[in-house]
Amino acid sequence: MRNPQTSEPTDAALAASGSPSMVAARIDRVPTGRFHVKIASILGTGTFFDGFDAISLAVVLSIVVSAFKISFAEAGLIISAGYVGQFIGAICIGLLADRFGRKKAFIGAMVIFALLSIACAFAWSSTSLLIFRMVQGLGLGAEVPIAGTLINEYLGRKSRGRVGVLYQSAFSWGLFFAPLVALALTSTLAPQLAWRVLLGIGVIPLLVAVWAWFALPESARWLAERGRHEEADAYVSKMETEATSRGKVLDEPEPLPAAAHKAFKASELFSGQYGRRTIMLALLWFTAYFVIYGYSVWLPSLYVKVGHLPPANSLLLTVLIGIVVILVINISAWLVEKIGRKPSLLIGFGVATAAGAYGWVMTTTFGDTSWQVLFTTGCLIALGISVPAAVLYMYTAELYPTRMRGFASSSASSLARLASVLSPFLIGPLLDSGGVGTIFALLGGFALVGALVIGTAGIETRNRSLEDISA
């Protein structure tokens, strides 16, 4: 209704149009447009640098090992320390995202990992580098799930899978460019300087944080849940106006019956239907990222130590695998809308399982540890496990209601950080002792567990409203 004297919407009308159920219904029928591109640009830039920084130390690990005169097992502790920080950051800052908003949590995470990038670049010992990477991990671990939550809350149900997965590719582009930049730096600078410059590049996200402060909208779904109906209505109205200005005809919103507002309690993650989903997702995240970090962190060092390649050639092969990952993510964006989330995840875990088995057979039964076998195995593992890497952030955000989506997404992804701690810790000593076959068997075994979990407990969410999935 409108006020007859001013023609402006009445308070009651604003409250209705900005209510949680109406906001969700309005968002669900708005096609992707400039409003979404703006959000994706800001969040995607942050996610790109998160991926870049997450892998930057790994791609120059052999140089750092030489610089500080440490073993690969000790280097594994440095890698693991960073993931300990990410585990803590994902949980703590994820909780803040549900209480104070996605935007503020995202900016805070960016500032933390940007400032600590400089500290890492000036590390004077392996111990100082370990400490700085752990603190930096607080921001690295929180940024991706919070950004993924925010963008998912603005996507309509018909394009959420495709656009959400394509957005998530920003992280993989960061992983892709890290070895490229490392290759350029090691070719032009002394090794002692090259790795420090690479880590120092992580300060750039400080500019992204400033950009986000002025230009990033808060989640309309979160605002509506917090009773800030006018703000929520304003953001959704902007989306609708932008869509209609492009000639799009929007259907009338069809809100689901309004559910009673509930204050979120952390224990809710482990009760009822959410408890079952939490256990399923915890296993998926843990197994997927044990494999992801198991191969991505150590493969460059495997090429050098076992395959006897020069570091520059090792980085080049890492770049080639990065190209495979980017291609797979684009295919995944099509798969999740065409065949669904569950079949896509099952295919990804299945391919990674077969790849691990291939590497184990070739290196143990046939005793072939050439770089060609290592590269082929790594490429096949990347081919499979990149599907869960691309899909899980979006899939996790779909399975929980707005009141707990930020914390649930961050908590689930924290299991990836826990796996990332364990993976380098276990694989480092195996690399020192030459147990290459055992490494591949371990990675294939974890991928098999992931396949069994999604196959038996997975929930299909394709073309469904977030509110319908989480009801």
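Tutor: A nonpolar core is a set of buried residues such as Leu, Ile, Phe and Tyr, joined through side-chain atoms within 4.5 Å. Keep in mind that this is a predicted model.

Student: Which residues have the most contacts inside the largest nonpolar core?

Tutor: As a general idea, nonpolar side chains tend to be buried together in soluble globular proteins. Here the largest core has 101 residues, and Leu-129, Tyr-289 and Tyr-395 have the most contacts inside it. Helix H13, residues 272-305, gives the most to this core, with 17 residues. There is also a second, separate core of 40 residues, which includes Phe-35 and Trp-222.

Student: What does Tyr-395 touch, leaving out residues up to four places away in sequence?

Tutor: Among its partners are Met-280, Leu-281, Leu-284, Leu-345 and Ile-454, and Arg-341 is on the list too.

Student: Now a charged residue. Is Asp-28 buried or exposed?

Tutor: Buried means under 20% relative accessible area. Asp-28 has 12%, so Asp-28 is buried. You will find Asp-28 in helix H2, residues 20-28.

Student: Which polar partners does the side chain of Asp-28 have?

Tutor: Look at two places. A polar contact of 3.0 Å joins the side chain of Asp-28 to that of Ser-465. The backbone nitrogen of Arg-157 lies 3.3 Å from a polar atom of the Asp-28 side chain.

Student: And on the surface, which residues form a nonpolar patch?

Tutor: Ile-339, Ile-347, Val-351, Tyr-358, Leu-380 and Leu-383 form one, with about 420 Å² of accessible area together. Helix H15 gives the most to this patch, with 3 residues. Val-351 lies in H15 and counts as partly exposed because its relative accessibility is 30%.

Key. Residues are numbered from 1 along each chain as its sequence is written. This is a predicted model: local features need pLDDT of at least 70, side-chain atom pairs count only at pLDDT 80 or more; totals for chains, interfaces and linings use all residues. Side-chain values use heavy atoms; hydrogens and water are left out. Buried means under 20% relative accessible area, exposed over 50%, partly exposed in between (1.4 Å probe, protein chains only). Helices (H or I, at least four residues) and strands (E, at least two) are DSSP runs, numbered from the N terminus. Contact means heavy atoms within 4.5 Å. A polar contact is a pair of N or O atoms within 3.5 Å; within protein, one must be able to donate a hydrogen and the other to accept it, and residues adjacent in sequence count only if both atoms are side-chain atoms. Patches are made of residues with over 30% relative accessible area and no salt bridge: like charges are joined within 9 Å, nonpolar side chains (Val, Leu, Ile, Met, Phe, Trp, Tyr) within 5 Å. Accessible areas come from the Shrake-Rupley method with a 1.4 Å probe; for residues, only the protein chains shown count as cover. A salt bridge is a side-chain nitrogen of Lys or Arg within 4 Å of a carboxyl oxygen of Asp or Glu.
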